Amino acid sequence: MKRLLRISFNSAIFSLIPILSWLMLGLLLDNNLVNVFTLTYPLQFIWALMKSIFATGSNISKEKDKNHNAVLSGMTLGIVIGFVVFGIFAINVRKYIEFMNMDYEVYKEFALYSIFQLYIQLVFSFVLEKLYFEDKEKLANKYCMQLNLLNFVVLILSAIILKNKMQIVVVTLITILIYTAYVTIKQYKRFKFKINIINCIKYESVEICNNILFFLIFLFGLSNALQFGEKYILALNFVALITDTQWDSFEAINTVAKIDISKKKFNYKNHELNAYKLLCILLTTVFIMFGVFFEFYDLDLKITAIYLSFELINFIIYPIYSIKTSYLQLEKYEIKVTSNKLFAGILRMLISLLKTPYCTGIGQVTSSLYQFITVNIMFHRNFVIDKNGIVIKKEKKMKKYILRRD
């Protein structure tokens, strides 16, 4: 539980301080700037996609394939490819903003800031993932806290002193880039560029598939939802602000499960219990944030409650199917679970195109319920969980039963 809390705390800091930054920028410069969070939300899944391949996948490859060059090779390749991908979005920032049905002149500087910040955070996440797999969560937390506090302080002080939006963006980005370069270089030692990218993708195929689909879902779904007017934009953005940090923290259950599965130390009952303990903590923070920040927004309570209810349903069922999906994926059922995730994602994407402001929430709940049912069926067809929480393949259990009878 301690490791889960450390990693989830790290993820919370990684997400919470940027959210507070948008709230402060809205107060200091322009109230509209808080909406940049929703504007660039789809790009977070490009970030997560590349982290899955070049960080999580390469670290799992190191353990399972005994390739000690995989981690630094993955980091190096990810840094280069990430620069190209986020660079393309930066160059085409006007087209992106207009596609999302928002005003280019209002959002151009901080949309660029958000895009480049995501790239810098991507590089930083490579370092954090490496440290997690080396059981150095305390050092990872220290780095994470330092970067995010530095980002927040420089951004807010720049906004107070400079006022010019582009100057604020440049000063802040250069500062966090220097710090990220420092901690990244510290991780490097002499290595051979050797990585089996196919294995990295295989080990993370579910997350990769998930993130590609989520990018498309939120790109088209949010563009669709934002057409319905300001009260829906405000409610959608508000619910995203008070739940996104918790979702990032909740992903720690996947990280810890994958580490234990790859190291043959996995106990299902412990992971499930710890996941629901973490859920109780996170839901408490959601309701606290709702109570604290609701009065600062001109929100429609009914619309906001509907958006929030979708999130709560997903929070409750996510731990069970998520942990079991991770186990199936790393125990040679990656094709089945990836295909299942693909179908769920396509279903969610199609529903997100419905002409309703609640399209993204309806799609999210439908997809989660589908995965909850199908993953449980798939898992229990192939495995059983004994009274101690150890997962046993059904054929092995049958063999033991036959031997006892004999």
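Tutor: Start with threonine 338. Leaving aside neighbours within four places in sequence, threonine 338 is in contact with Ser205, Val206 and Cys209. Contact here means heavy atoms within 4.5 Å. The model is predicted: local features need pLDDT of at least 70, side-chain atom pairs count only at pLDDT 80 or more, and totals for chains, interfaces and linings use all residues. Residues are numbered from 1 along each chain as its sequence is written, and side-chain values use heavy atoms, with hydrogens and water left out.

Where does threonine 338 sit? Threonine 338 is in helix α15 (residues 334-351). Helices (H or I, at least four residues) are DSSP runs numbered from the N terminus, as are strands (E, at least two). Threonine 338 has a relative accessible area of 17%, so the residue counts as buried. Buried means under 20% relative accessible area, exposed means over 50%, and partly exposed lies in between (1.4 Å probe, protein chains only).

Now a salt bridge. Glutamate 204 and lysine 258 meet through their side chains at 2.7 Å, N to O. This pair links distant parts of the chain, 54 residues apart: glutamate 204 is in the loop between α9 (197-203) and α10 (205-225), and lysine 258 is in helix α12. A salt bridge is a side-chain nitrogen of Lys or Arg within 4 Å of a carboxyl oxygen of Asp or Glu. Are the two partners buried or exposed? Glutamate 204 has 1% relative accessibility and therefore counts as buried. Lysine 258, at 5%, is buried too.

Helix α12 (residues 252-262) also has a helical partner, α11 (residues 230-250). Their axes come within 5 Å and cross at roughly 5°. Axes are lines fitted to C-alpha atoms, for helices over the stretch in contact, and angles run from 0 to 180 degrees between N-to-C directions. The two helices are therefore roughly parallel to each other. The cut-offs: under 35 degrees is roughly parallel, over 145 roughly antiparallel, 65 to 115 roughly perpendicular, and the rest oblique. Asp248, Ser249 and Phe250 in α11 meet Ala252, Ile253 and Asn254 in α12. By class, this contact has three nonpolar, two polar and one charged residues. Ala, Val, Leu, Ile, Met, Phe, Trp, Tyr, Cys and Pro count as nonpolar, Asp, Glu, Lys and Arg as charged, and the others, Gly among them, as polar.

Back to salt bridges. The structure holds six. One of them joins the side chains of arginine 94 and glutamate 98 at 3.2 Å, N to O. Both lie in helix α5 (residues 93-99), four residues apart, about one turn of the helix. Arginine 94 is partly exposed at 43% relative accessibility, and glutamate 98 is partly exposed at 44%. Glutamate 105 and lysine 108 meet in another, at 3.1 Å, N to O. Those two are three residues apart in helix α6, so about one helical turn separates them. Lys130, Glu134 and Lys136 are linked in a network of salt bridges.

Last, the core. The largest nonpolar core has 128 residues, and Phe86 and Phe110 have the most contacts inside it. Helix α6 (residues 104-133) gives the most to this core, with 19 residues. A nonpolar core is a set of buried Ala, Val, Leu, Ile, Met, Phe, Trp, Tyr and Cys residues joined through side-chain atoms within 4.5 Å. Not counting residues up to four places away in sequence, phenylalanine 110 touches residues including Trp22, Leu25, Leu155 and Ile168.
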